[in-house]
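Dear colleague,

I am handing over the structure we spoke of, with the sequence and the model together below. My notes on what was found follow directly after it.

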Amino acid sequence: MTTFSATMRRLHSGLLFFVCLFAASFGYASSHREAPLISQDPLADNTDVYAFKSPDDPNTITIIANYIPFESPDGAPNFYDFGTNVRYEIHIK
């Protein structure tokens with residue numbers, strides 16, 4: 001009986017893996033630029049937020065937020081400026 005249940009467990013795990021793999025191939029990632037309201041105000045578009053232990057002091061956390069999508073790192077010195085009528089906030093609880 002143990003061999004049968006172990007075989008069934010492996011079969012179910014394999015089946016679940018392929019179902020997830022198949023479903024993921026039809027998934028679409030969200031895009032900030034497609035949202036109707038934020039597409040009108042790209043300077044306020046919060047694209048990513050990262051939080052990690054600080055490499056220089058493990059007792060602190062470093063938080064980095066990205067705004068203004070599609071700005072290329074090699075686009076300097078003509079980067080977009082932060083919006084003058086935008087309040088950029090990160091709330092930490």
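The structure holds one aromatic pair, where rings of Phe, Tyr and Trp (its six-membered ring) are taken to pair if their centres lie within 6.5 Å, and planes under 30 degrees apart count as stacked, over 60 as edge-to-face and the rest as tilted. Y67 and Y88 are the partners, in an edge-to-face arrangement with 4.6 Å from centre to centre and 75 degrees between the planes. Because Y67 belongs to strand β2 and Y88 to the segment after β2, the pair ties together parts that are 21 residues apart in sequence. Y67 is buried, at a relative accessible area of 15%, whereas Y88 is partly exposed at 25%; buried here means under 20% relative accessible area, exposed over 50%, and partly exposed in between, with a 1.4 Å probe and protein chains only.

Please keep in mind that this is a predicted model, in which local features need pLDDT of at least 70 and side-chain atom pairs count only at pLDDT 80 or more, while totals for chains, interfaces and linings use all residues. Residues are numbered from 1 along each chain as its sequence is written, and side-chain values use heavy atoms, with hydrogens and water left out.

As to the overall layout, the chain has one helix and two strands, and along the sequence they follow the pattern α-β-β; helices (H or I, at least four residues) and strands (E, at least two) are DSSP runs numbered from the N terminus. Of the 93 residues in the chain, 8% are buried. The accessible surface of the chain comes to about 8,400 Å², and 61% of that belongs to carbon and sulfur atoms, the areas being computed by the Shrake-Rupley method with a 1.4 Å probe and, for residues, with only the protein chains shown counting as cover. Among contacts (heavy atoms within 4.5 Å) with a separation of 6 or more, 25% are between residues 24 or more positions apart.

Around the two strands, S54 is found in the loop between β1 (46-53) and β2 (61-67), and S54 counts as buried because its relative accessibility is 6%. Leaving aside residues up to four places away in sequence, S54 touches T60, I61 and T62. I61 itself is in strand β2 and is exposed, with a relative accessible area of 56%; with the same exclusion of residues up to four places away, I61 touches A51, F52, K53 and S54. I61 and A51 are ten residues apart in sequence, and their C-alpha atoms are 6.6 Å apart in space.

I61 also takes part in a nonpolar surface patch with V49, I63, I90 and I92, and together these residues have about 460 Å² of accessible area. Patches are made of residues with over 30% relative accessible area and no salt bridge, like charges being joined within 9 Å and nonpolar side chains (Val, Leu, Ile, Met, Phe, Trp, Tyr) within 5 Å. I92 lies in the segment after β2 and is exposed, at 62%.

Lastly, the count comes to one salt bridge, defined as a side-chain nitrogen of Lys or Arg within 4 Å of a carboxyl oxygen of Asp or Glu. The side chains of E89 and R87 form this bridge, at 3.4 Å from N to O; E89 is partly exposed, with a relative accessible area of 39%, and R87 is exposed, at 71%.
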